[in-house]
Each structure stands twice: as structure tokens, then as C-alpha cells.
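Take a moment with the sequence and the fold before reading on. The paragraphs below go from terms to overall layout, then to single contacts.

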Amino acid sequence: QLSFSALIPAIPILYWSHNAKQERAERYHEVSTRLRIPSVETIDDLMVEKCQPGDVILFDRRCESCASGPAAALGCLLGKTFSSFFCPVT
């Protein structure tokens with residue numbers, strides 16, 4: 001038998017999970033319905049054309065949208081904090 005107080009810690013996790021799934025679904029719909037203009041290069045096209053083996057690509061991840069779960073989001077936040085502290089971008 002589960003008491004209500006045992007379910008309270010699960011509320012933020014369920015909220016996070018629902019929010020992350022909804023954002024990913026919205027992004028998927030946006031990308032799948034995007035109008036493609038034949039002679040215009042996208043960022044993906046530019047990266048395929050310009051990046052060479054060994055290139056380092058830096059990007060800013062939205063930690064709250066990590067797909068693996070709240071533990072991955074926390075790890076992402078810790079990683080961003082650690083990397084910005086020891087390797088500041090100039």
C-alpha cells in the first residue's frame with residue numbers, strides 16, 4: 001500500500017517528464033513540417049560541408065530537456081557548471 005506522502009517526491013519528476021516529452025513532440029512537428037527551399041543551405045548542410053574529422057563542435061544543451069531523465073538533467077547541469085568554471089569560453 002502506497003501512501004500519498006510517498007508519491008509527493010514523484011510529482012516534480014512526472015512534471016519534468018511530461019514537459020520534456022511535450023517539447024520534443026513540438027520540435028519534431030516543427031521540423032517535419034518545415035518548408036525546404038531548394039537552393040538555401042541549412043545549418044546541417046553547412047556542418048556536413050565544412051566540418052572536418054577532428055573538429056570540435058561546442059553547443060549549449062538545454063539541460064531541462066535531457067531525454068534520459070532527471071538524473072541526466074542534473075548531470076548535464078553539473079557538467080555545464082564544471083566546464084564553464086574550468087574551461088571558460090572566450
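The model is predicted: local features need pLDDT of at least 70, side-chain atom pairs count only at pLDDT 80 or more, and totals for chains, interfaces and linings use all residues. Residues are numbered from 1 along each chain as its sequence is written, and side-chain values use heavy atoms, with hydrogens and water left out.

Start with confidence. pLDDT is the predictor's confidence in each residue, on a scale from 0 to 100. The chain averages 76, and 87% of the residues score at least 70. Among the elements, helix α2 has the highest mean pLDDT (82) and helix α1 (residues 4–7) the lowest (74). Where pLDDT is low, the predicted coordinates should not be read in detail.

Now the layout. The chain has 4 helices and 0 strands. Helices (H or I, at least four residues) and strands (E, at least two) are DSSP runs, numbered from the N terminus. Along the sequence the pattern reads α-α-α-α. Of the 90 residues, 9% count as buried. The chain exposes about 8,200 Å², and carbon and sulfur atoms supply 65% of that area. Accessible areas come from the Shrake-Rupley method with a 1.4 Å probe; for residues, only the protein chains shown count as cover.

Ala73 is buried, at 10% relative accessible area. Arg62 is 11 residues from Ala73 in sequence, and their C-alpha atoms are 8.7 Å apart.

Next, the charged pairs. A salt bridge needs a side-chain nitrogen of Lys or Arg within 4 Å of a carboxyl oxygen of Asp or Glu. The whole structure holds 2 of them. In one, Arg27 meets Glu30 at 3.0 Å, N to O. The two are 3 residues apart in helix α2 (residues 10–32), so about one helical turn separates them. Glu30 is partly exposed, at 42%. Another salt bridge joins Glu49 and Lys50, with the closest N and O atoms 3.7 Å apart. Glu49 is partly exposed at 45%, whereas Lys50 is exposed at 55%.

Last, the surface. Ile43, Leu46, Met47, Ile57 and Phe59 make a nonpolar patch of about 490 Å². Patches are made of residues with over 30% relative accessible area and no salt bridge; like charges are joined within 9 Å, nonpolar side chains (Val, Leu, Ile, Met, Phe, Trp, Tyr) within 5 Å. Phe59 lies in the loop between α3 (43–50) and α4 (70–86). Phe59 is exposed, because its relative accessible area is 60%.

Notes
Buried < 20%, exposed > 50% of the residue type's maximum accessible area, 1.4 Å probe, protein only.
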